[in-house]
Amino acid sequence: MTPATLLVLAALADAPAAPPPAHQLSFYARSGLTAYLSSARTQGGLGGGVGVRDTLRGLWLLQADVNGLTGLGSVLEVRLGAGVQRPAGGWRPAALVSLTGLFGDQLGFAMPGESVYARGPALGVGLTLAPARFSLGSAQVSLVELGVGMGGDGVGRGPVYSLTLLEVGVAL
């Protein structure tokens, strides 16, 4: 190879890729479990759901999903999240701040000195880490996302734990 050919090939190898789109909408399905544990109630379960995500400039994430959970009755989980992901490459770990609402059945406890049970949804805010997240063309796959936060239900407060076993998405 001539030096000119090597110079052209080196320039092409170092050429920046096309910039990511300003907005990339994707649809995803997930399976996992969520549990809210306070002194007033236990709520959550195992299940799955669907959601929509907007990826801004390949870096920032905005997402919303709904999930049906079972185990302690029927629970509807609604999550809103915002975070950041690794902007390029096939491996795309992410970290998100999430707001979670749990609606439906619960295992309630009588609080000492209280004459009321926890009613209404349990709301929590927390951090979710997705270390095994991958982008494969227009598809995204995430394995084992871990989340932990704090929640309240009007009577008690307690931790909110979540574990996503599998999340699969596709860009629209």
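Q: Let us begin with tyrosine 161: which residues does it touch?
A: Leaving aside residues up to four places away in sequence, tyrosine 161 touches Leu33, Thr34, Ala35, Leu37, Gly147 and Val148; contact means heavy atoms within 4.5 Å. This is a predicted model, in which local features need pLDDT of at least 70, side-chain atom pairs count only at pLDDT 80 or more, and totals for chains, interfaces and linings use all residues. Residues are numbered from 1 along each chain as its sequence is written, and side-chain values use heavy atoms, with hydrogens and water left out.

Q: How many salt bridges are there?
A: The search of the whole structure finds 4, a salt bridge being a side-chain nitrogen of Lys or Arg within 4 Å of a carboxyl oxygen of Asp or Glu. One of them joins arginine 53 to glutamate 167, with the closest N and O atoms 2.5 Å apart. Arginine 53 lies in strand 2 and glutamate 167 in strand 10, so the pair ties together parts 114 residues apart in sequence; strands are DSSP runs (E, at least two residues), numbered from the N terminus.

Q: Is arginine 53 buried or exposed?
A: Arginine 53 is buried, because its relative accessible area is 3%; buried means under 20%, exposed over 50% and partly exposed in between (1.4 Å probe, protein chains only).

Q: What ring does its charged end sit over?
A: The charged end of arginine 53 sits over the ring of tyrosine 28, 4.3 Å from the centre. The criterion is NZ of Lys or CZ of Arg within 6 Å of the ring centre and within 35 degrees of the ring normal.

Notes:
Helix = DSSP H or I, 4+ residues; strand = E, 2+ residues; numbered from the N terminus.
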